Amino acid sequence: MEELTYKKVAKNIVKETVASALFIDDKALESFKSRNYDKYKTEHKRTLELYKDFKDHDCLLHSFKFTKSGWKKNSQFYLRNKDLLILDWQLVGEDHSEALKILEKASAQKSLHFICIYTQEAKDSVKNELNRYFLGRLSKEQIEATQEYFRDTDLGEFWEIDEQDKEWEEFEEQINNILNSKKADEKEQVEAFKDKYELEDEQIAFIKELGSNEKSGFARLRTALRKNSGSFSKEIGENSFTPSKEDQWTFYINHTIVKIFAKGDIDGDQLYESFLDSFLSNEQNIFLSLMGLEMRNRFRENSAFIGKDFDGLSENAFFHHKQMNEKNGFVFTDFLRDILKDQVASFIYEKDMALFQVIGEYMQDENRENKLKDFLKPENKSEFIEQVFKLNHFYNRLNINERSKKNFLTFGDVYKTNIGVKKEGKSVSEEKFFLCITPHCDCLNPTKIDNQFWFIEGKKVVDTESAKMKVLKNTDGLFLSFIQNADKVEAIYWHNSAHECKPRTFFIQDNRLAKDKLKVYYNHKEYEFEYIETLKENYAQRLANKAFGYPLRVGIDFIKKN
């Protein structure tokens with residue numbers, strides 16, 4: 001039996017993942033038109049080289065000769081079930097808007113994990129255009145307000161300057177230096193920008209607040225001061241676009257890995273191996289990425305056998321069961337989801353994943369022990385807290401990105417609302433969190449409980465390093481959850497020395513979510529709950545057990561010595 005090594009396992013996982021690819025180029029030779037092959041046309045030669053190279057690696061490559069009308073009509077057909085997209089950057093001369101739109105649409109496909117941008121231009125110019133398109137979106141009102149704010153500074157009237165002028169090119173270079181800087185150099189680049197344009201600290205703070213992070217703020221400043229702001233991504237939020245920490249030519253868009261390759265450096269018959277080597281050597285969190293890909297491969301391999309026992313069951317018995325639930329059809333549908341979920345997950349237990357068998361070798365080769373020592377150093381405390389909070393959130397969150405339009409309140413749902421409270425004699429609005437601990441069957445049929453739903457109230461952990469470290473020192477012993485609140489992960493206490501975990505009932509007439517909102521009533525007052533996310537069953541059940549233990553307390557009296 002061949003010995004398993006990390007490198008062999010990693011390569012096999014990626015090769016199994018990339019089984020079907022799509023090449024888009026305005027001069028591509030489409031597969032069924034190969035009789036029109038012209039050996040003197042570079043793009044025809046490149047199409048054939050790509051096709052043969054990918055075929056040699058057990059991947060079927062489809063080519064599409066780009067036209068606006070053809071793409072508009074058949075884009076979904078071409079993208080369906082593709083694992084890799086090779087996208088020519090020059091689809092319409094020097095106008096990259098069509099390539100950017102394709103990139104945006106492709107990265108939203110759940111099956112598509114990898115995109116290679118293939119360009120004749122300098123890779124730097126591609127990178128700068130990606131930053132502009134995905135980070136620079138501003139509304140007309142925001143543009144006007146930003147121009148007004150900077151009117152009396154050295155940046156005033158920049159929106160009157162042509163993009164070919166030296167002054168604008170210098171400004172754009174400064175912005176690109178900030179957007180492309182490593183984290184360690186970012187502060188230095190911002191200071192250089194501040195000095196060049198003689199800006200105050202409060203003006204730099206204004207720029208940063210234009211976006212949800214520092215870099216997107218500067219990208220948006222460029223948009224506001226540009227004579228022609230241009231087009232921007234409509235679907236991809238700025239937090240869904242991030243550059244790789246390991247490789248300056250790699251980006252992540254909606255978790256799709258995007259790599260830039262230059263046509264002058266890599267021929268068509270070298271692209272597959274170049275992509276493979278780049279991914280395995282430059283990818284951040286490579287082990288976790290590979291684990292996700294191997295899981296996907298195992299699922300695809302076994303998907304033909306999901307429900308293989310169904311053909312031995314009686315449809316009469318099945319529909320008799322359905323008939324018994326006619327009054328509450330959604331109860332039966334929910335039950336079926338659970339049955340199908342078990343069928344889908346069963347193959348995980350048939351054999352271990354290959355990656356698990358080489359995890360020890362990976363940790364040694366990657367010098368993991370020294371990396372962990374650096375990770376735990378006191379000077380890296382902030383990074384440690386952020387990353388461990390993020391991992392805990394991943395552990396306790398049920399992965400439902402979008403609840404269906406007719407979805408109901410369910411066990412484990414976390415909501416937030418603002419409630420007026422008295423502080424130092426003044427009425428202030430305070431953000432409160434509530435976890436639904438009503439049994440799932442009652443959520444589906446609330447008439448059984450007279451529309452009275454049980455919740456527990458939680459309090460946000462104070463946003464300081466000391467408070468967060470205190471949480472992390474005893475996560476298993478505390479009654480808490482990690483949730484994504486706006487743009488950061490926060491810990492919520494459901495029970496501690498100052499706050500009892502006890503069930504509270506809210507009256508909810510209609511328990512269907514409407515744009516992630518619920519109307520609830522408590523003590524004859526109406527509140528609006530905003531859905532945040534849903535906890536996994538074990539994590540929610542532990543909190544429910546604690547809450548329902550509260551009414552079972554029994555008070556006793558014994559004599560004691562003061």
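Two strands are taken as paired if DSSP finds at least two bridges between them, and helices (H or I, at least four residues) and strands (E, at least two) are DSSP runs numbered from the N terminus. The model is predicted, so that local features need pLDDT of at least 70 and side-chain atom pairs count only at pLDDT 80 or more, while totals for chains, interfaces and linings use all residues. Residues are numbered from 1 along each chain as its sequence is written, and side-chain values use heavy atoms, with hydrogens and water left out.

Six bridges join S15 to strand S14 (residues 517-522), with Lys519 opposite Glu528. S14 and S15 form a hairpin with two residues between them, and Asn523 in this turn has a positive phi of about 55°. Strand S8 (residues 413-423) is joined to S15 by four bridges, and Val414 stands opposite Glu533.

Positive phi values also occur in two loop residues other than glycine. His255, with phi near 70°, is placed in the loop between strand S6 (250-253) and S7. Asn451, with phi near 60°, lies in the loop between helix H18 (440-444) and strand S10 (452-460). Accessibility was classed as buried (under 20% relative accessible area), exposed (over 50%) or partly exposed in between, with a 1.4 Å probe and protein chains only. His255 is exposed at 76%, whereas Asn451 is buried at 13%.

A search of the whole structure finds 33 salt bridges, each defined as a side-chain nitrogen of Lys or Arg within 4 Å of a carboxyl oxygen of Asp or Glu. One of them joins Asp88 and Lys263, with an N to O distance of 2.5 Å. Asp88 lies in strand S3 (residues 84-88) and Lys263 in the loop between strand S7 (256-262) and helix H11 (271-282), so the pair ties together parts that are 175 residues apart in sequence. Asp88 is buried, with a relative accessible area of 2%, and Lys263 is buried at 6%. A further salt bridge links Asp463 and Lys468 at 2.8 Å, N to O; here Asp463 is partly exposed at 47% and Lys468 is buried at 16%. In the salt bridge between Asp26 and Lys27, the closest N and O atoms are 3.8 Å apart, and Lys27 is partly exposed at 49%.

Glu163, Glu172, Arg222 and Arg226 are linked in a network of salt bridges. Glu163, Glu172 and Arg226, together with Glu129 and Arg132, are the residues nearest the centre of the second largest pocket, which is lined by 18 residues. A pocket is an open set of points on a 1 Å grid over the protein atoms alone, where a 1.4 Å probe fits, with protein on both sides within 12 Å along at least five of seven lines; lining residues have an atom within 4 Å of a point. The volume of this pocket is about 390 Å³, taken as the space filled by probe spheres set on grid points joined across faces, edges and corners. Helices H4 (97-107), H5 (123-135) and H7 (166-179) each supply at least two lining residues, and the largest share, four residues, comes from H5. By class, the lining has one nonpolar, nine polar and eight charged residues, where Ala, Val, Leu, Ile, Met, Phe, Trp, Tyr, Cys and Pro count as nonpolar, Asp, Glu, Lys and Arg as charged, and the others, Gly among them, as polar.
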